[in-house]
Amino acid sequence: MTNRSDILLVRKAQRPVNEEHSSSDGKRMIENLCLDESRKMQVFLGTIQPGSGSDDFSKHEGEEFAFVLEGQLDYIVDGEQFTLEAGDMIYYSSLLPHKYRN
């Protein structure tokens, strides 16, 4: 990372990767791309295996943005389901109940 407060540079080797397992026996790899929690936006790269996703609905402060690089991802936000394909994105208030599944 650079020492300048107005520029954040994170090299790939610096990013932590968390392997998570959902109760549906799926696996997720979540990589923190930003590392600086004082920023207004936290950026993560996720690899969501087929059948995996978030087990429960979540609500919290902030906003969320997801962009699908490849494959397909189903999101449920505030009771409405959205199927995202490669190149699709979704952006929403994370105060709305939400979860996702590949």
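User: Is tyrosine 91 buried, partly exposed or exposed, and why?
Analyst: Burial is read from relative accessible area: buried means under 20%, exposed over 50%, and partly exposed in between, with a 1.4 Å probe and protein chains only. Tyrosine 91 has a relative accessible area of 47%, so it is partly exposed. The model is predicted, so local features need pLDDT of at least 70 and side-chain atom pairs count only at pLDDT 80 or more, while totals for chains, interfaces and linings use all residues. Residues are numbered from 1 along each chain as its sequence is written, and side-chain values use heavy atoms, with hydrogens and water left out.

User: Where is tyrosine 91 found, and with which residues is it in contact, leaving aside neighbours within four places in sequence?
Analyst: Strands are DSSP runs of E with at least two residues, helices are runs of H or I with at least four, and both are numbered from the N terminus. Tyrosine 91 is in strand β7. Contact means heavy atoms within 4.5 Å. With neighbours within four places in sequence set aside, tyrosine 91 is in contact with Glu63, Glu64 and Phe65. The C-alpha atoms of tyrosine 91 and phenylalanine 67 are 8.9 Å apart, and the two residues are separated by 24 residues along the chain.

User: Which side chain makes a polar contact with the side chain of tyrosine 91?
Analyst: A polar contact is a pair of N or O atoms within 3.5 Å; within protein, one must be able to donate a hydrogen and the other to accept it, and residues adjacent in sequence count only if both atoms are side-chain atoms. Here the partner is the side chain of glutamate 63, at 2.2 Å.

User: What is the place of serine 94, and what does its side chain reach?
Analyst: Serine 94 sits in the loop between β7 and β8. Its relative accessible area is 0%, so serine 94 is buried. The side chain of serine 94 reaches the backbone oxygen of glutamate 61 at 3.2 Å. A polar atom of that side chain also lies 3.3 Å from the backbone nitrogen of glutamate 63. Not counting residues up to four places away in sequence, serine 94 touches Ser58, Lys59, His60, Glu61, Gly62, Glu63 and Glu64.

User: How many helices and strands does the chain have?
Analyst: There are zero helices and eight strands. Of the 102 residues, 25% count as buried. Among contacts between residues at least 6 apart in sequence, 46% join residues at least 24 apart.

User: How is a pair of aromatic rings described?
Analyst: One gives the distance of the centres and the angle of the planes. Rings of Phe, Tyr and Trp (its six-membered ring) pair if their centres lie within 6.5 Å; planes under 30 degrees apart count as stacked, over 60 as edge-to-face and the rest as tilted. The count in this chain is two aromatic pairs. Tyrosine 75 and tyrosine 92 are edge-to-face, with 6.0 Å centre to centre and 65° between the planes. Tyrosine 75 lies in strand β5 (residues 72-77) and tyrosine 92 in strand β7 (residues 89-93), 17 residues apart. Both tyrosine 75 and tyrosine 92 are buried.

User: Why is the pair of tyrosine 75 and tyrosine 100 tilted?
Analyst: The ring centres of tyrosine 75 and tyrosine 100 are 5.7 Å apart and their planes are at 40°, so the pair is tilted. This pair links strand β5 to strand β8 (residues 98-101), with tyrosine 75 and tyrosine 100 being 25 residues apart.

User: Which residues form the largest nonpolar core?
Analyst: A nonpolar core is a set of buried Ala, Val, Leu, Ile, Met, Phe, Trp, Tyr and Cys residues joined through side-chain atoms within 4.5 Å. The largest one has eleven residues: Ile30, Ile48, Ala66, Val68, Leu73, Tyr75, Val77, Leu84, Ile90, Tyr92 and Tyr100. The elements giving two or more residues to this core are β5 and β7, and β5 gives the most, with three residues.
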